[in-house]
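I am opening my notebook on a new structure, and I want to write down what I look up, one topic at a time.

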Protein chains: 2
Amino acid sequence: MKTHIITIGDEILIGSTLNTNAAFIGEKLTEKDFNVFKTSVVGDDEEVILNEFKEVYNDNDIILVTGGLGPTHDDITRKCVTKFFNTQLKLNEEILNDVKERVKKRGLELTTLVEGQALVPEIATPIRNRRGTAPGIWIEKDNKVFIAMPGVPHEMSAMIEDFVIPKLVEKFGNQNENKITIHLLTTGIPEVSLYQKLGDLNELLSGAKMAFLPSQFGVKMRLTVTGKNKEEAQNKLSEIEQLIRSRVGRYIYGKDNESIEQVVGRLLKDRCLTLATAESCTGGLISSRITNVGGSSAYFERGFVTYSNGAKVEELNIDEDLIEQYGAVSIEVARYMAEGARKVSGTDIGLAVTGIMGPTGATEDKPVGLVYIGISDEKVCTAKKFNFGDDDRLLNKDRTSQAALEMLRRNLLGIPYDE
Amino acid sequence: MKTHIITIGDEILIGSTLNTNAAFIGEKLTEKDFNVFKTSVVGDDEEVILNEFKEVYNDNDIILVTGGLGPTHDDITRKCVTKFFNTQLKLNEEILNDVKERVKKRGLELTTLVEGQALVPEIATPIRNRRGTAPGIWIEKDNKVFIAMPGVPHEMSAMIEDFVIPKLVEKFGNQNENKITIHLLTTGIPEVSLYQKLGDLNELLSGAKMAFLPSQFGVKMRLTVTGKNKEEAQNKLSEIEQLIRSRVGRYIYGKDNESIEQVVGRLLKDRCLTLATAESCTGGLISSRITNVGGSSAYFERGFVTYSNGAKVEELNIDEDLIEQYGAVSIEVARYMAEGARKVSGTDIGLAVTGIMGPTGATEDKPVGLVYIGISDEKVCTAKKFNFGDDDRLLNKDRTSQAALEMLRRNLLGIPYDE
């Protein structure tokens, strides 16, 4: 089943919006082993869109389109679909009811503009939209499936999960039953060091495929194994995974879509431990990531964003002279912040960061990217120095939060942070 | 100049990595008025890559490729480029020096693997890499320019800014000097209401182009004006922008790449006001966004992530009985949190949120998506109820943080939040 995703929208071409839609659809299709062969992005231009439809339709079995289905004048996808399939628009009563209900619920006015959303190409099955007014379009023709969805990410994603993926699986079945892909997620080690620690890859993989995907959060290793059937593939995969773990296991914090905040959340919950954070340079990013996990109130007690020195003194009971003596960005202050967070909150663990995120704020002996991460529990109160050495503030915040969560993970598992 | 961007990498196709590279390149090209006609993504497969090169090369004047230039086995782009242009690899001494210096600086070993990065296709000009070891490739042939760069975003972005864009402008000049695009950024109003408040678009725009780009952060309006020359375009644009502002100005918080945290940061700084936050459901996201702005320590004093009720009582001095009586998610608690944050920190303004982010935690009369945002200053202490009505935790966090920052903006500007 050759599958192609077309994203429509000038905003994607000119880079003012990230193409999260193609990524989301690609991920969901891959989970069911549909093979995404290619994706493309074109602008909001009728001729260009029709050309793209023609080219892609001939070459593929499943075509998914997002964007341009809204109520405003710049939404021309429905018109293009209608032209391409040489069909016409027809009012769909079920969709009209959906639209009316949604408008009522949000307390808006039912205008002709909004009502027009219930017009659906005659040969299509409409896809209901539980997060907006524009329905999606599902067309089966020439043994192909052509799907168009709105470009608003959360409207599209609900359609993909509720309708599109189940219906594709029903129609075509799971694809490539004999292939399995997993991601092993590492952090705190550069790509080339990881590669070298793994040793001879040909020997290690014995035919499996592996890719290294570095980012500011660490290096993902993508491993794809093919067997005569799913079971054989699974067995081969388990063997290789075990080998990899024996060589670089300490750096692997999770698997597939797991985030490190989920991993430490589970560890804290399982051990009935509670956590408080004290953040200076990350400004709340660490606590925000921790509380991205549903149910985190079971272990996350509170966080202090002690941006000013006064806040460090007043909230965390750090001695003013100590800050004066060592500077707010120092290993001593990181330790006291972690301890202060723990003691003030009465939690089992305190995690703290202080650093210089840039682009300004550096001094002669304290460069941008310098960070100290402290951790305090019943037994130890320690801190570690990092130097992320980049001039990009947001990248440094991401790296700092990731390193802090990894330090917490290793603390919980008793893995030393240094080699 | 027809321009096409090809992104190479299975990780993009299967959605495990977002295509930030194509967005970045698209943005930088658009700034210089190069017209990005189409972008595409293909996997790490030699045959597929060569086919894509062929198809795209014929149809375009400028071709930009990212991905697959690294040192590991899964990087095959350089090989494909060499084949496609029927050339061969040759050691480049300048690049070899760069590679050696970089390896030395990072304290790594100079392996054959790393040294091999200095091999460059003979007909190409190498593009130096100041953030990594893999050089880029610049080829001019058949009146076309073909450019290949590494997929690691910060390596690619440095090449684009240092070398690629300046050289393209030098070669082709700025394109379409007579066209200007701006984005007006709104929040707190649905797309359809904004559209209606603008009135007759044909009359308003008189030939200019406008697009509406909704997301959880609000609706961007993209406005493109063409004139006989840049000056005429600028004059037309100013006129239209003024008309738009007269109709929906209160909802417009910023322009182009401005974030709302930059806007409120500037307002706070200009007025010498200080801010403290108290967050429950957003877990630190608001303070993290505020401190994403360089220099925010001038106005951001501290933040409280009072996740537990105990933290609300102890850190913000809220009466325990009050939480008992109204519940932690209530308009009363939001008000007292804002006031507590302000008084405890001694700042001019306190901003607070409490709500239910989901997917669990709802009660019969308090659904997921219910949020109260409180704000306290010298004169007022008020809170407002929001219902984001979605079951997605991260979306609800984004929306809540955006609404809180917008409430702060309107407070600073004296714009009432309600209609």
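For my own reference, two strands pair if DSSP finds at least two bridges between them, and helices (H or I, at least four residues) and strands (E, at least two) are DSSP runs numbered from the N terminus.

Before going further I noted that this is a predicted model, in which local features need pLDDT of at least 70 and side-chain atom pairs count only at pLDDT 80 or more, while totals for chains, interfaces and linings use all residues. Residues are numbered from 1 along each chain as its sequence is written, and chains are lettered from A and ligands numbered from 1 in the order in which they are written.

**Chain contact.** I then looked up the contact between the chains, which takes 69 residues from chain A and 70 residues from chain B, where two residues are in contact if their C-beta atoms, placed from the backbone, lie within 7 Å. The side of chain A that touches chain B has 29 nonpolar, 28 polar and 12 charged residues; here Ala, Val, Leu, Ile, Met, Phe, Trp, Tyr, Cys and Pro count as nonpolar, Asp, Glu, Lys and Arg as charged, and the others, Gly among them, as polar.

**A sheet in chain B.** I traced an open sheet of four strands in chain B, paired antiparallel in the order E10-E11-E9-E12. Strands E10 (209-215) and E12 (252-255) of chain B stand at the edges with a single partner strand each, so one side of each is left without a neighbour in the sheet. For E12(B), I looked up its pairing with strand E9 (residues 179-186) of chain B, which is antiparallel over three bridges, and B:Thr186 has B:Ile252 as its bridge partner in E12(B).

**Two helices in chain B.** Helix H11 (residues 260-270) and helix H16 (residues 393-413) of chain B pack at an angle of about 30°, with their axes 10 Å apart; axes are lines fitted to C-alpha atoms, for helices over the stretch in contact, and angles run from 0 to 180 degrees between N-to-C directions. That makes H11(B) roughly parallel to H16(B), a term for angles under 35 degrees. Among the residues making this contact I listed B:Val264 and B:Leu267 of H11(B) and B:Leu405 and B:Leu408 of H16(B). By class, the contact has seven nonpolar, one polar and three charged residues.

How values were computed:
Angles under 35 degrees count as roughly parallel, over 145 as roughly antiparallel, 65 to 115 as roughly perpendicular and the rest as oblique.
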